Amino acid sequence: MKDLHSLLPHSMAATNLNSASIFLLTFALLFMVMGHEASNSGQYPVVVSTWPFLEAVRAAWRVVDNGFSAVDAVVEGCSACEELRCDGTVGPGGSPDENGETTIDALVMDGVTMEVGAVAAMRYIKDGIKAARLVMQYTEHTLLVGEQAAAFAISMGLPGPTNLSSSESMDKWTKWKVNHCQPNFWKDVVPVDRCGPYHAKDFLGSSHGTCSKTTLMENIKSRSSHVGRHNHDTISMAVFDKVS
C-alpha cells in the first residue's frame, strides 16, 4: 500500500457546498477509491461522484480518458451538473436562499500542488466551478465571495451578469414562504415574525449555559433531518488520473 500523500488524486472538486463539508466528502471518496480501486484493479483513470449523477461522471471521464488533466476533468464534470441542474439544486436556477435568490458556491483542489480555489454566494455568474478554477489559477486567494467573486469572474471572461433564478426556484421559495419559512437552517433563535428577523435565545437563565444530553441529541436529530440528496445543494467529485 502506498502512503497517503502518493495516493492523493491529482484533482478534487466540488460545487455548492461549504468548504468543511467539501473536504469531508472528498476524503471519504478518496478512502473509498483507495480501498476498492487502488489496491485491487490498479486501473486508471478513476472518476467518483456523490449521488448518481451519471452524466457528470461521464463528462469527466471523457476528458481524463482523452489525456487531459484531472483538474480539467472535475471542472468539466461539475460544469455538466451545473448545466443540467442536477436534482434541481446544483447550478443556476437551483435552490434559492431565504431572499428567493439563487447564488453559486464552488471549490476545486489540485491534489498534486494542494492549491485551492473557491467562490461562495456568487451572484449573476452561472459557471461556479470554472470561476473557482480561475481563482486557483490566477490569484493568490483561496476564496472570493459575493459581488467581488462575480466581478472577478466577469473580468476573467466568464459570461455574465445573468439572472440565476428560474421559475422552479421561485416556486420553491414561494411555497417555502407559505409554509412559514420551514424548514430552515437557523437554530437557537426566536423569530420576530414567522419568517424572521431572528434573534438569539437567552440560554443563560436557570440553566447557566448548560446543555443536557437529551437537548444535544434533539439538536443533532433536528439538523440531520434537513440533510438529504435533494436539499444540501452539492456535487462532490474526485478524479484520479494516475497514482505515482
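Predicted model: local features only at pLDDT ≥ 70, side-chain atom pairs only at ≥ 80, totals over all residues.

**Entry 1: the end of helix α3**

I began just after α3, where R85 takes a positive phi of about 55°.

Residues are numbered from 1 along each chain as its sequence is written, and side-chain values use heavy atoms, with hydrogens and water left out.

**Entry 2: helix α3 itself**

Next I checked the length of α3, residues 70–84. The expected span is 1.5 Å times one less than the number of residues. For the 15 residues of α3 that gives 21 Å, and the end C-alpha atoms are 21 Å apart, so the two agree.

How many of the residues of α3 are buried? I got 11 of 15, so I wrote "mostly covered". Buried means under 20% relative accessible area, exposed means over 50%, and partly exposed is in between (1.4 Å probe, protein chains only). Among the buried ones are A70, V71, G77, C78 and E82.

I then looked for salt bridges, meaning a side-chain nitrogen of Lys or Arg within 4 Å of a carboxyl oxygen of Asp or Glu. The count by this rule is seven.

In one of them, R133 pairs with D72, with the closest N and O atoms 2.7 Å apart. This pair links distant parts of the chain: R133 sits in helix α4 (residues 128–138) and D72 in α3, 61 residues apart. R133 counts as buried because its relative accessibility is 19%. D72, at 22%, counts as partly exposed.

R85 turned up again here, in a salt bridge with E168 whose closest N and O atoms are 3.3 Å apart. R85 is in the loop between α3 and β3 (104–109), E168 is in helix α6, and 83 residues separate them. Both partners are partly exposed: R85 has a relative accessible area of 28%, and E168 comes to 43%.

**Entry 3: helix α6**

After α6 comes H180, and I noted its positive phi, near 60°.

I jotted down the rule behind that: an α-helix has 3.6 residues a turn, so residues three or four places apart point the same way. D171 is partly exposed at 38%, whereas K175 is exposed at 54%.

Also on my list: salt bridges that share partners join E101, R123 and E147 into one network.

**Entry 4: strand β8**

Is β8 (residues 235–240) enclosed or open? Six of its six residues are buried, so the strand is largely enclosed by the rest of the structure. I235, M237 and V239 point one way, S236, A238 and F240 the other, and all are buried.

Which strand pairs with β8? It is β2 (residues 46–49), antiparallel, over four bridges. Two strands count as paired if DSSP finds at least two bridges between them. V48 stands opposite A238 in β8.

Notes. Helix = DSSP H or I, 4+ residues; strand = E, 2+ residues; numbered from the N terminus.
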